[in-house]
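Subject: Structure handover and notes

Hello,

Here is the structure you are taking over. My notes on it follow below.

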Amino acid sequence: MRSSLRRCFFFALSMASSSPAPLRGPQTLPKYPTARLALLAQHLRLYNPPPSSPSSSATAAAEEDDAVDARGKVFSQLAVAESAAPPLPGAAAAADDADRSRPRTAAVLVCLFEDATGDLRVILTKRSSNLSTHSGEVSLPGGKTEEGDADERETAIREAKEEIGLDPALVSVVTVLEPFMSKHLLRVVPVIGLLPDKNAFKPILNTAEVEEMFDVPLEMFLKDENRRSEEREWMGVKFLVHYFDFSSEKKKFVIWGLTASILIRAASVVYQRPPSFPEQYRQFKLPSSLNANQSTS
């Protein structure tokens, strides 16, 4: 059976020989178990996010509220692409506060691996039910950038190790997607990494933060199956919130909000096609004061 990933990269496979062309880069790249995974890595390393400017339009997905808990974990309920977040009601009074107006940065790891049939799956976690905020919700491994992190890639890898025991040596970071901005100015950067040897990964969950770890097909975030949406309104603008239902071993999970928004985008980039459902994202612009701060950062 031909995998969906093979269909996605038909243009690359048509030019590939029995051994894929060597991948070039500053880091030592792992040996991928299949030509398809090697071609995916090659394709994603060439990805360039769409240009962003103060006047450019961007996509946004929303829910009710957003927060970063005491450990710096990301649980945003309104995700919008960078350079797209509107000011909060009453935020004008804090416009002169540089710390408040400069977006905080966080990163999440979109960790992909091939299953036995050659299809891509992504690793997700369910937050501990004992947490005081957003307990039991599904999220990607990730959290707020710390002072010692060199960049968002390092943040995502560090957080994945802390949360699920993922050895950084097992992951090949292949690209970084355009950031998402929450309405409370949390700049969330999705980092895509490939896990060539899934069997070498022996999860060690930080039970104070993570209750369960599971994986789902990446392509499900492009399909209208097991998906529902809810129309909401914020600041006079209507939008859709997407919910994806997933069942595994008699357990049911709901993937929604920022996590769903990031995975829709990641799947669109990987499979090179838009989702089969309307996203209905609002176009926003950042206030000029925020644009000025970002241009100097």
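Asp 215 is partly exposed, with a relative accessible area of 22%; partly exposed covers the range between buried (under 20% relative accessible area) and exposed (over 50%), with a 1.4 Å probe and protein chains only. The model is a predicted one: local features need pLDDT of at least 70 and side-chain atom pairs count only at pLDDT 80 or more, while totals for chains, interfaces and linings use all residues. Residues are numbered from 1 along each chain as its sequence is written, and side-chain values use heavy atoms, with hydrogens and water left out.

Salt bridges

Asp 215 and Arg 121 meet through their side chains in a salt bridge of 2.4 Å, N to O. A salt bridge here is a side-chain nitrogen of Lys or Arg within 4 Å of a carboxyl oxygen of Asp or Glu. The pair links distant parts of the chain, with Asp 215 in strand β12 (residues 210-217) and Arg 121 in strand β6 (residues 120-127), 94 residues apart. Helices (H or I, at least four residues) and strands (E, at least two) are DSSP runs, numbered from the N terminus. Arg 121 counts as buried at 18% relative accessibility.

Lys 251 is partly exposed at 39% relative accessibility, whereas Glu 212 is buried at 18%.

A further salt bridge joins the side chains of Glu 114 and Arg 36 (3.8 Å, N to O). Glu 114 belongs to strand β5 (residues 104-114) and Arg 36 to helix α3 (residues 35-45), so the pair ties together parts 78 residues apart in sequence. Glu 114 is buried, with a relative accessible area of 15%, and Arg 36 is buried at 17%.

The count comes to 14 salt bridges. Glu 146, Asp 149, Arg 158, Glu 159 and Glu 162 are linked in a network of them.

The β14-β15 hairpin

Strands β14 (residues 237-248) and β15 (residues 251-256) pair in the antiparallel sense over six bridges; two strands pair if DSSP finds at least two bridges between them. The two strands form a hairpin with two residues between them, and Glu 249 in the turn has a positive phi of about 50°. Phe 244 stands opposite Ile 255 in β15.

Helix α6 and the cores

Helix α6 (residues 257-271) has 15 residues, which should span 21 Å at 1.5 Å a residue; its end C-alpha atoms are 21 Å apart, which agrees. The expected span is 1.5 Å times one less than the number of residues. Of the 15 residues of α6, 14 are buried, so the helix is largely enclosed by the rest of the structure. Just after α6, Gln 272 takes a positive phi of about 55°.

The largest nonpolar core has 44 residues, and those with the most contacts inside it are Val 110, Leu 112, Val 216, Leu 218, Phe 221, Ile 255 and Leu 263. A nonpolar core is a set of buried Ala, Val, Leu, Ile, Met, Phe, Trp, Tyr and Cys residues joined through side-chain atoms within 4.5 Å. The elements that give two or more residues to this core include α3, β5, β12 and β15. Helix α6 gives the most, with 10 residues. Leu 263 touches Val 110, Val 122, Leu 124, Leu 140, Leu 218, Phe 221 and Ile 255, not counting residues up to four places away in sequence; contact means heavy atoms within 4.5 Å. A second, separate core of 16 residues includes Leu 109, Cys 111, Ala 160 and Val 173.

Glu 230

Glu 230 sits in strand β13 (residues 227-234) and is partly exposed, with a relative accessible area of 34%. Glu 230 touches Phe 239, Leu 240, Val 241 and Tyr 243, not counting residues up to four places away in sequence. The C-alpha atoms of Glu 230 and His 242 are separated by 6.7 Å, and the two residues are 12 apart along the chain.

The chain as a whole

The protein chain has seven helices and 15 strands. Buried residues make up 52% of its 297 residues. Among contacts between residues at least 6 apart in sequence, 68% join residues at least 24 apart.

Regards
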